[in-house]
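Let's take a walk through this structure together, stopping at the spots where the geometry has something to tell. Have your viewer ready and follow along.

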Amino acid sequence: MSGGGARSAYLGWLAQVLRRPTETPDLSVQGDVVLGYATGYDAADIAPFVRSLRSVFSGPAALVVDPRDDVRALLNEAGVEAVAPLCVDGWSPHPVMKRFAAFDHLLSRWPGVGGVLITDVRDVVFQAPPFEPSPARLQVFVEADQPLGRHHFNMKYLTALAGADVARQLAGAPCLCVGTVMGPREAMMRFCRLVLTLAATPRSEIGGAFGADQAACNLAAHLGLMEMDVVPNYGRVATVGLTPSDHLGLVDGCIVNPDGTRSPIVHQYDRHPALLQAVHARWGQGYPTRQRERPRTSGERLNRLRDSLRRRVPELR
C-alpha cells in the first residue's frame, strides 16, 4: 500500500464491499422484504425460520446461504430466494459482519423495496405478520431488562470497539440486539453501512470479529449517529435469551411473553429447551432437532484459538 494510509485487513475488505453494484436494478422485488444470513447452516437449522415465516408472510424474502442442495430445496419450496455470499478477495471478517455488506448490496439492487427486516435465522421464529404496521423509520429492539453495564458480552465488545471511556458512558443505556432490525429501505442501507464503518475503528481482528456488530449497533443508537426508534422488548420482537424460562409460556404452539402477549417475531427461543422442542415439533418436521451448542471439531477449535491470538497481536497501521 502506498501513500502512508492506515494498513488494515478490515479496511481493505471494506473498500471492496462498499463499492456500489453495477448490476441492473431489479424492479421485480416490491414491498416489504425479509433478509437473513444463513451460511454455515443446513436445512434442519433454518427450517423453523423459513416455514414459520411463510405461514404469516407471503412477500419477498431472501437468505444468503451456502451452495447446499438441502438448503436450496427448502428455500425453493418456500419461495425464498437463495443468495450466494459476496465474493471478496483476500481476508474477510466473521459472518456477523459480512452480512451487513450483503444486505446493503441486495437492497441497492432492489429500489422497489419498502420496509426491511434484517434478522438472525437459526434462532428466530415467526408467530404473526412481522410488518404490521410497517415502520416509518428504523427500529432497533431491546434485548434485556438490564443495562449495558451489567451485560458482560456487550461491554466487552463496546470496550474493544470504542474504548473503555465510551463504554462506561453508555453503561446505563439499554441493551439493544442487532439480531433483528427493521426499517425503510434507505434507512436500513444507511444502518448497514454505519455498522460496517464503525467497526473499522479498531484493528481488523476486533472490527471483524463476532460481537463487533452488536457493539456497533449500540454505539449507533446511543450516540445518536442516525435516527432510529428504540423499541421495548416483547413488542414486535421478543428477544427471550435472558428471560427466565418460567416467565415464558406456550399456548397452541405459540410462545407467550411474561405479560401474556404474543410477539410476531421471537428471537433466541433456543436458549430454552421447552421452547426449542415446541418450535421443532411445529416447524421442524422431517428434520433432526438442532441444539444451540454443538461439539466443536478439532479444526473449529484451532480456528477459535487462532482468532483469539490474532486479537492480541498488534496490527501495523
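Buried means under 20% relative accessible area, exposed means over 50%, and partly exposed is in between, using a 1.4 Å probe and protein chains only. Please keep in mind that this is a predicted model, in which local features need pLDDT of at least 70 and side-chain atom pairs count only at pLDDT 80 or more, while totals for chains, interfaces and linings use all residues. Residues are numbered from 1 along each chain as its sequence is written, and side-chain values use heavy atoms, with hydrogens and water left out.

Let's begin with charges. A salt bridge here is a side-chain nitrogen of Lys or Arg within 4 Å of a carboxyl oxygen of Asp or Glu, and a search of the whole structure finds twelve of them. Helices (H or I, at least four residues) and strands (E, at least two) are DSSP runs, numbered from the N terminus. In helix 6 (residues 164-169), Arg168 and Asp165 sit three residues apart, about one turn of the helix. Their closest N and O atoms are 2.4 Å apart in a salt bridge, and both residues are exposed.

Arg99 counts as buried because its relative accessibility is 8%.

Glu186 and Arg185 also meet through their side chains in a salt bridge, at 2.8 Å from N to O. Here the two partners are worth looking at one by one: Glu186 has 43% relative accessibility, so Glu186 counts as partly exposed, and Arg185 has 11%, so Arg185 counts as buried. Elsewhere, Arg122, Asp123, Asp270 and Arg271 are linked in a network of salt bridges.

On a 1 Å grid over the protein atoms alone, a cavity is a set of points where a 1.4 Å probe fits but cannot get out, and a pocket is an open set with protein on both sides within 12 Å along at least five of seven lines; lining residues have an atom within 4 Å of a point. Grid points are joined across faces, edges and corners, and a volume is the space filled by probe spheres set on the points.

How many cavities of 30 Å³ or more does a search of the whole structure find? There are two. The largest holds about 110 Å³ of space and has 13 lining residues, with Pro48, Arg122, Tyr269, Leu276 and Arg290 nearest its centre. Helix 2 (43-56) and helix 10 (273-283) are the elements that give two or more residues to this lining, and helix 2 supplies the largest share, three residues.

Our last stop is the backbone and a loop. Most residues other than glycine have a negative phi, and most peptide bonds are trans. Yet the peptide bond from Glu132 to Pro133 is cis, with omega near 0°, and Pro133 is placed in the loop between strand 5 and strand 6 (139-147). Tyr234, in the loop between strand 8 (229-231) and strand 9 (237-239), has a positive phi near 70°.

Tyr234 is also one of the residues in contact (heavy atoms within 4.5 Å) with Asn257, leaving aside neighbours within four places in sequence. Asn257 lies in the loop between strand 11 (254-256) and strand 12 (265-267). Is Asn257 buried or exposed? Asn257 is buried, because its relative accessible area is 3%.
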